Amino acid sequence: MAAAGLLQGRVALVTGAARGIGLAVAGELHRLGARVMIADAGVSIDGTLEDAAAAQAAADSLGEGAAAFSGDLAEPGAPEAAVAAAVERFGALDLVVSNAAVLRDGFLFRTPRADWERVLAVNLHVPFALLAAASSVLREQARAGRAPGRIVTMISTAGLVGNLGQAAYAAAKAGLVGLTRVAAMDLARAGITCNAIAPFAATRVTDSIRPANDAQSQYKARALTVPAGYVARLTAFLCSADNSFNGQVFGVRGREVMLFSQPRPVETVVAGTLDSQDAHALGQRLVARFGHALTDLATDLELFNTEPIV
């Protein structure tokens, strides 16, 4: 199949699609033939209302075959309503890209509970509700003979590695990796795939970085040179019938496409029985066996602070 028609006849729902990576993804899926529902409440990066007309403006920019859902997905019932709106407007739902996110950074000991809850609500609870509602539609369609659906979640290397001052964001994105894995397992029998992408691109998230040192300044400057289109291209492939990857975690930084390892035991110690070994002796054995395999505390910004290939 020619690239231009790779997603012909498919229906996509993309959250957080009025700007940035979400808009790039929606535009690419639409260009490849999919009809697209853009779900975006038009909030600022911290989750406060900014532009309620953003979703409609994005849909208008794509033209025929694009529509808007402007509800706040963090409100009860809104993710389910977005799924229903896509089905009602276009008659089906095949592709789901969970991209919406908010950011409220702060050191763990200075983060208000309200900020934690808002970030978790948008970045983890919304994807759960969205995938739960969409998967019911995708499974029913698969049973009726429609080509299996595709799900892509946008995570962050902050959730894989960690970052200073990002307890809520990193926890939510780490949880989203777990959700992606379980969705892949739960839906595999229906032929539906679910994969995660950790994107590197010039976005409002990148622009919100407030560098505390020269290394962070370099990281931000480099990240702001990376177009979001590279993320959109990988997303389009993972949404296509060509894709057979399932439950995998990818990274995209310009022309670099990464496959991330996922946690597995790297060393094992068989401890002594309770009456033959105390905590001190156990600790000595652990240090001796595990010392070479420990994961350091390098941050996300440190690990990926190299020149991107664009």
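A salt bridge is defined here as a side-chain nitrogen of Lys or Arg within 4 Å of a carboxyl oxygen of Asp or Glu. The model is predicted, so local features need pLDDT of at least 70 and side-chain atom pairs count only at pLDDT 80 or more, whereas totals for chains, interfaces and linings use all residues. Residues are numbered from 1 along each chain as its sequence is written, and side-chain values use heavy atoms, with hydrogens and water left out.

Side chains of opposite charge can pair when their charged atoms come close. The salt-bridge rule gives a count of 9. In one of these pairs, Asp-115 is joined to Arg-104, with the closest N and O atoms 3.1 Å apart. This pair links distant parts of the chain, since Asp-115 belongs to helix α4 and Arg-104 to the loop between β4 and α4, 11 residues apart. Helices (H or I, at least four residues) and strands (E, at least two) are DSSP runs, numbered from the N terminus. Arg-104 is partly exposed, at 23% relative accessibility; buried means under 20% relative accessible area, exposed over 50%, and partly exposed in between (1.4 Å probe, protein chains only).

A further salt bridge joins Arg-113 and Glu-117 at 2.8 Å, N to O. Because these residues are 4 apart in helix α4, about one helical turn separates them. Arg-113 is exposed at 61% relative accessibility, while Glu-117 is partly exposed at 40%. Arg-289 and Glu-267 also form a salt bridge, their closest N and O atoms being 3.0 Å apart. Arg-289 lies in helix α10 (residues 279–290) and Glu-267 in the loop between β8 (256–259) and α10, so the pair ties together parts that are 22 residues apart in sequence.

Grid points are joined across faces, edges and corners, and a volume is the space filled by probe spheres set on the points. The structure holds 2 cavities of 30 Å³ or more. The largest cavity has a volume of about 50 Å³, and helix α8 (residues 214–223) supplies the largest share of its lining, 3 residues. Residues lining this cavity include Phe-200, Tyr-219, Arg-222 and Phe-304.

The second largest cavity contains about 40 Å³ of space. Arg-104, the salt-bridge partner of Asp-115, is among the residues that line this cavity, together with Leu-103, Asp-105 and Tyr-169. The largest share of the lining, 3 residues, comes from α6.

Helix α5 provides the largest share, 3 residues.

Within the loop between α9 (229–238) and β7 (249–253) lies Asn-243, which is buried, with a relative accessible area of 2%.

Notes:
On a 1 Å grid over the protein atoms alone, a cavity is a set of points where a 1.4 Å probe fits but cannot get out, and a pocket is an open set with protein on both sides within 12 Å along at least five of seven lines; lining residues have an atom within 4 Å of a point.
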